[in-house]
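Open the structure in your viewer and keep the selection panel at hand. Each stop below says what to pick and what is there.

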Amino acid sequence: VVLKTVFMLWKLILYLVILIKIFSYIRNNKQNKSLKELIEKMKEFILKWYPVILAFICLLYSVGLGIAGRTEEAQYSAHWPGTILLFALAIRQRRKS
């Protein structure tokens, strides 16, 4: 259930980012950038910042559990954002070396 909720939140954030980028592209059409360039920029953004986005979603999930009164589950899931960010740092350091 937890993993399913996190996955649904991740998809929602991803769709929101895509919609924001598309609307900003439509609004700033004066720059004459192609849709392919926009998609490429969105891809770069998501590949660069996905650990932070995922950690933020996990943080919101933990806070939601705490507000709902499920303190044990909130304390358990409160460790996820830090773990995600630490693993992302370790993986990126290994890639560069």
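A helix here is a DSSP run of H or I at least four residues long, and a strand is a run of E of at least two; both are numbered from the N terminus. The model is predicted.

**Stop 1: the whole chain**

Colour by secondary structure. How many helices and strands does the protein chain have? Four helices and zero strands. From the N terminus on, the order of elements is α-α-α-α. Now colour by accessibility. Of the 97 residues in the protein chain, 18% are buried. Take the contacts with a separation of 6 or more: 59% of them join residues 24 or more positions apart.

**Stop 2: helices α2 and α4**

Two packed helices are described by the angle between their axes and the distance between the axes. Select residues 35–67 for α2 and residues 80–96 for α4. Their axes come within 8 Å and cross at roughly 165°. Angles over 145 degrees count as roughly antiparallel, so α2 is roughly antiparallel to α4. The crossing of α2 past α4 is right-handed.

Show side chains at the contact. On α2, pick Leu47, Lys48, Trp49, Tyr50, Pro51, Val52, Leu54, Ala55, Cys58, Leu59 and Tyr61. On α4, pick Trp80, Pro81, Ile84, Leu85, Ala88, Arg92 and Arg95. Which classes make up this contact of α2 with α4? It has 15 nonpolar residues, three charged ones and no polar ones.

**Stop 3: Ser77**

Move to helix α3, residues 71–77, and select Ser77. Is Ser77 buried or exposed? Its relative accessible area is 1%. The cut-off for buried is under 20%, so Ser77 counts as buried.

Leave out neighbours within four places in sequence, and Ser77 is in contact with Cys58, Tyr61, Ser62 and Leu65. The side chain of Ser77 also reaches the backbone oxygen of Ala74, at 3.4 Å. For a distance check, pick the C-alpha atoms of Ser77 and Gly66: they are 10.0 Å apart in space, and the two residues are 11 apart in sequence.

**Stop 4: Ser62**

Select Ser62 next, in helix α2. Ser62 is buried too, with a relative accessible area of 9%. Where does the side chain of Ser62 reach? To the backbone oxygen of Ala74, at 2.9 Å. Not counting residues up to four places away in sequence, Ser62 touches Ala74, Ser77 and Ala78.

Finish with Ser62, Ser77 and Ala74 on screen together. The side chains of Ser62 and Ser77 both reach the backbone oxygen of Ala74.

How values were computed:
Residues are numbered from 1 along each chain as its sequence is written. This is a predicted model: local features need pLDDT of at least 70, side-chain atom pairs count only at pLDDT 80 or more; totals for chains, interfaces and linings use all residues. Side-chain values use heavy atoms; hydrogens and water are left out. Axes are lines fitted to C-alpha atoms, for helices over the stretch in contact, and angles run from 0 to 180 degrees between N-to-C directions. Angles under 35 degrees count as roughly parallel, over 145 as roughly antiparallel, 65 to 115 as roughly perpendicular and the rest as oblique. A crossing is left-handed if the near helix is turned anticlockwise from the far one by less than a right angle, and right-handed if clockwise. Contact means heavy atoms within 4.5 Å. Ala, Val, Leu, Ile, Met, Phe, Trp, Tyr, Cys and Pro count as nonpolar, Asp, Glu, Lys and Arg as charged, and the others, Gly among them, as polar. Buried means under 20% relative accessible area, exposed over 50%, partly exposed in between (1.4 Å probe, protein chains only). A polar contact is a pair of N or O atoms within 3.5 Å; within protein, one must be able to donate a hydrogen and the other to accept it, and residues adjacent in sequence count only if both atoms are side-chain atoms.
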